[in-house]
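Hello,

Here is the structure I promised to send over. Please have a look at it first, and then read my notes below.

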Amino acid sequence: MAFILEVPANLLLRQHSLVSFSISRRSSPHNYTCVSRKQSNFTHFSISATLNSPSIQSHMDHAHAVALPIMVNSCMGKMGQAVVEAGISAGLHIIPASFGIEKDAGKTVKVGGKDIQVHGPSDRETVLASVLEEYRNLIVVDFTVPNAVNDNAELYCKAGVPFVMGTTGGDRDRLYKTVEDAGIYAVISPQMGKQVVAFLAAMEIMAGQFPGAFSGYTLEVLESHQATKLDISGTAKAVISCFQKLGVSFDLDHIQLIRDPKQQIETLGVPEEHINGHAFHTYRLKSPDGTVSFEFQHNVCGRSIYAEGAIDAALFLSKKVSSQKQTRRYMI
Ligand SMILES: NC(=O)c1ccc[n+]([C@@H]2O[C@H](COP(=O)([O-])OP(=O)(O)OC[C@H]3O[C@@H](n4cnc5c(N)ncnc54)[C@H](O)[C@@H]3O)[C@@H](O)[C@H]2O)c1
Ligand SMILES: O=C(O)C1=N[C@H](C(=O)O)CCC1
C-alpha cells in the first residue's frame, strides 16, 4: 500500500494549533484529501493521500522527481542505506558523497550498487559547498545521530540547502530556530512513516479540539526498538506531548524502553528477523476508577516506511522550492 502525500503528513506544524480540519472522499474509493487551515499565512497544511498504488510507482509519477539530486547523510547508517535504496528505486540521483564519522572518512562504500565516498566532520563544509556547486537543486536527507542534529542543520542552513531531518534528538528548539532564522525549506520529523505521521496528526487534532479530555487518566507507554538505538523514541515523545495536552500527566522517565531482544521476541512478539530494525509502540490509558481503558498501538518492522517517507519529503521540498512557496518549514 502506498501513501504518497501531495503535501506529506510530516507537515503538522508543531507550535501552531489547527483551527479546522476537513476530509473529503474523492472519486476513487481510496483517494482522500485532508485540509487543515489556521488563520495565518504560515500555518496551513494539506494532506492528499493515495492509498492504492505501489509507493515506488507513485514516486515515479512525479515527473519532476526524475534525477533530483539527493545527498544522504549518513550513508553508513541503517537509515541512510535504506534511504539511498529507496531513492534509487524512485529514480532519484544519489550524490556519491556523504557525511560520516572521522574514522570512516575517505572510505568508499557501496550502497544499492552505488559507490559513495564518506567525508568526515572536518570536511563537511567544503564538501557540501562543492556538491552544491555541481547540483544547484540538491536536497539533503539527514539520518545521523542525535548529537549531530544541530551542527548539521546549522551547516545546511548556512549553505542554503533544503533538507529533510529524520534524525531524532538534539536541541529541537534550537533546530527550529536555526531553520526559522535562515528561512530554509526543511521537513523535520522524528517520524517519516506517513501512516504513523497521519496517526500523530490525528492525535494533534484531538488534543487541539478536546484539551483536557483525558484529565485524571493514567498513561502507560512502552516502546521497543533495536538495541543500538541511542535515544528515547522521538515519535513516542511527540505522541506523549499530545496526551499531555489532553490532560494526562506523564513524565518521560516513565516510558518503558525495551531494548532486550529476548524480551522483544518473547513478550512483544517482534519477529526475530526484525530484532535489528523495529519500532513497537503501545500507549495505554486508564480512567481514574479503572472502569475505562484505551489502547493505541503502532508496530513497524523494518525501515522501508521511513525511507520511502523521507524520499517523499525530499520530493515535496523540491516542489516547494520550485514554486517558491512561502511556508518553508514543515515539522512535527
Ligand atoms: N524520522 C524517522 O522516521 C526515523 C526513522 C528511523 C530512524 N530515525 C532516526 O535516524 C537516526 C539514525 O538512525 P539509524 O538507525 O540509521 O542509526 P545508525 O546508528 O545505524 O546510523 C547513524 C550513522 O550516522 C553516522 N554518524 C555519527 N555521527 C555522525 C556525524 N557527526 N556526521 C555524520 N554522520 C555521523 C554513524 O557513523 C552512523 O553510520 C536516529 O536518530 C534515529 O532515531 C528516524
Ligand atoms: O529506529 C529508530 O531509531 C527510529 N527512530 C524514530 C523515533 O525515535 O521515533 C522513528 C522510529 C524508528
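Let me start with ligand 2: one of its oxygen atoms has a polar side-chain atom of Ser233 at 2.7 Å. I call this a polar contact, meaning a pair of N or O atoms within 3.5 Å; within protein, one must be able to donate a hydrogen and the other to accept it, and residues adjacent in sequence count only if both atoms are side-chain atoms. Thr235 also places a polar side-chain atom 2.6 Å from an oxygen atom of ligand 2, and an N or O atom in the side chain of Gln226 is 2.7 Å from an oxygen atom of the ligand. The protein covers 86% of the 310 Å² of accessible area that ligand 2 has on its own (Shrake-Rupley method, 1.4 Å probe; for residues, only the protein chains shown count as cover).

Before going on, please note that this is a predicted model, where local features need pLDDT of at least 70 and side-chain atom pairs count only at pLDDT 80 or more, while totals for chains, interfaces and linings use all residues. Residues are numbered from 1 along each chain as its sequence is written, chains are lettered from A and ligands numbered from 1 in the order in which they are written, and side-chain values use heavy atoms, with hydrogens and water left out.

Now to ligand 1. Of the 21 residues around it, the nearest are Lys78, Met79, Thr168, Met192 and Lys229 (a residue is near a molecule or strand if one of its heavy atoms lies within 4 Å of it). Lys78 has a polar side-chain atom 2.9 Å from an oxygen atom of ligand 1. Met79 uses a backbone N or O atom, 2.7 Å from an oxygen atom of ligand 1, and a backbone N or O atom of Pro190 lies 3.0 Å from a nitrogen atom of ligand 1. Of the 850 Å² of accessible area that ligand 1 has on its own, the protein covers 83%.

There are aromatic pairs too: eight of them in the whole structure (rings of Phe, Tyr and Trp, with its six-membered ring, whose centres lie within 6.5 Å; planes under 30 degrees apart are stacked, over 60 edge-to-face, the rest tilted). Phe99 and Tyr156 have ring centres 6.4 Å apart and planes at 15°, so this pair is stacked. Because Phe99 lies in strand S7 (residues 97-99) and Tyr156 in helix H4 (residues 149-159), the pair ties together parts that are 57 residues apart in sequence (helices, H or I with at least four residues, and strands, E with at least two, are DSSP runs numbered from the N terminus).

Best wishes
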